[in-house]
Amino acid sequence: MAIQQCAALNPIPTIIKVDLKKPYHEQPGLHTRWHPEIPFYCKVKPGEVFKVECFDSSGGQVFNTDDADDIKNVNPMGIHCLSGPIEVDGAEPGDLLVMEIQDVQPFPDEPWGYTAIMDPAKSSAFLGDIYPNMQKAIWDFNGIFASSRHIPHVKFPGFIHPGIVGTLPSYEMMNIWKERESKLVEFHASINTPHTVAALPNPEGAYAGQAVSPELAKKIAEEGVRTVPPREHGGNIDIKNLSRGAKAYLPVYVKGAGFSVGDIHFSEGDGEISFCGAIEMHGIITLKLGLIKNGMKDLSIYNPVFLPGPVEAHYGPSRYLTFQGISVDESGKQHFLDAKVAFRQAVLNAIEYLKKFGYSGEQAYLLLSAAPVETHISSIVDIPNSCVSYSIPADIFDFDIMPKEGGPTRQGDMGSTAK
């Protein structure tokens, strides 16, 4: 019997392709800023299913190596290379764009990702004051699982998800963002705060996609807002459960919506604490976009609403080792109901515990950034201390991490992160 040729029936079209071997700023269908005049790259009808290819968050600046030279040389102004904008037929300001994630996968020939500690002078890493040295861990993918030669003895399934989904802002919305963030920077500068508090517009590293006119490209580079934070349109949300089967309801500010996606993560712990803290990867996302006409007003939705998908790693409730943090910092200073201080203390408590097994602080820091840890504000009313819980699934380790008499059993050679 002759062997039959296998072919996909009605294959899902890929509407944005990227060449991972070519600089992102030489490719159409990509951009690194939010601005209402970034031209649409392509157009879809509501209900269509399609695929979009995405660079990792660095735009291809990080490589699968055993040194961190690439991390040290990353241009932070060029991060978040987004695929889009995509015009949605019939979308009008005031509508809600309904994004449904059908699938997210790494490129078949790029089954790896990375987690990194960035330069604290150029990033907002949560523990940059404690771990200032730029390092990285490479993760290898085996089906749904990730493991790392730089952080041994751990293996876990990924909640593969986009870190960034969003629509183009109107001029009114963009100017609101710039005004309020500029005031924040001015306020902190006046009291000599020694760290950056907002990522204001900066033309360095800006790429305006198909803005072929030099004048328009310059305008977008100078006016466009950075992609670092989440905002009312979506943006850098970093919600780990926004994976396969999930939906997002995003406000529409311009005719055609202008949907973009990127910053694909294989996995992420709640908080993405090391800034480049998820397992960053190049990826392919399969989407379906729909519309709820006049949905912003009719549903009183003016910030994104998310519906997590049904795909989730299953760890028994009793298999999470949970660390508490309260609003008392490591110097012993009492803060009033400060959930950020409480979160920091919970993370530091977890790191110190993992160091007892032989991990370095940097290894534990990157592991907690990337692994599917769960974080909850357990209390925010019991003066003076907020209480934050930080839960690590014990079964991601190939040794027992549960507390026992005599203290933890130190493991053998734990290797090191790439430096």
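Modeller: We start with the helix, then turn to the sheet beside it, and then to the salt bridges and strands beyond.

First, the ground rules. This is a predicted model, where local features need pLDDT of at least 70, side-chain atom pairs count only at pLDDT 80 or more, and totals for chains, interfaces and linings use all residues. Residues are numbered from 1 along each chain as its sequence is written, and side-chain values use heavy atoms, with hydrogens and water left out.

The helix is α5, residues 339-355. Helices (H or I, at least four residues) and strands (E, at least two) are DSSP runs, numbered from the N terminus. How far apart are the end C-alpha atoms of α5? They are 24 Å apart. That agrees with expectation, because 17 residues at 1.5 Å a residue should span 24 Å. The rule is 1.5 Å times one less than the number of residues.

Look at where the helix begins. A side-chain oxygen of D338 comes to within 3.0 Å of the backbone nitrogen of K340. This is a polar contact: a pair of N or O atoms within 3.5 Å; within protein, one must be able to donate a hydrogen and the other to accept it, and residues adjacent in sequence count only if both atoms are side-chain atoms.

Next, how many residues of α5 are buried? The count is 12 of 17, so the helix is mostly covered. Buried means under 20% relative accessible area, exposed means over 50%, and partly exposed lies in between (1.4 Å probe, protein chains only). Among the buried residues are V341, F343, R344, L348, I351 and Y353.

What do these buried residues pack against? Their partners are β19 (320-326), α6 (361-370), β20 (374-379) and β21 (387-393). Contact here means heavy atoms within 4.5 Å.

Strands of a sheet pair through backbone hydrogen bonds, either parallel or antiparallel. Two strands count as paired if DSSP finds at least two bridges between them. β19 and β21 are joined by seven bridges. In one of the pairings, G325 stands opposite V388 in β21.

R344 forms a salt bridge with D129, the closest N and O atoms being 2.8 Å apart. The pair links distant parts of the chain: R344 is in α5, D129 is in the loop between β7 and β8, and they are 215 residues apart. A salt bridge is a side-chain nitrogen of Lys or Arg within 4 Å of a carboxyl oxygen of Asp or Glu.

β7 covers residues 112-117 and β8 covers residues 135-142. Six antiparallel bridges join them, and the bridge partner of G113 in β8 is W139. All six residues of β7 are buried, so this strand is largely enclosed by the rest of the structure. In a regular strand the side chains alternate between the two faces of the sheet. In β7, W112, Y114 and A116 lie on one side, with G113, T115 and I117 on the other, and both faces are covered. β7 also pairs with β16 (residues 275-280), antiparallel, over three bridges. There, I117 stands opposite F275.

K136 joins D70, with the closest N and O atoms 2.8 Å apart. K136 sits in β8 and D70 in helix α1 (residues 69-72), 66 residues apart. K136 and D70 are both buried.

How many salt bridges are found in the whole structure? The search finds 19.
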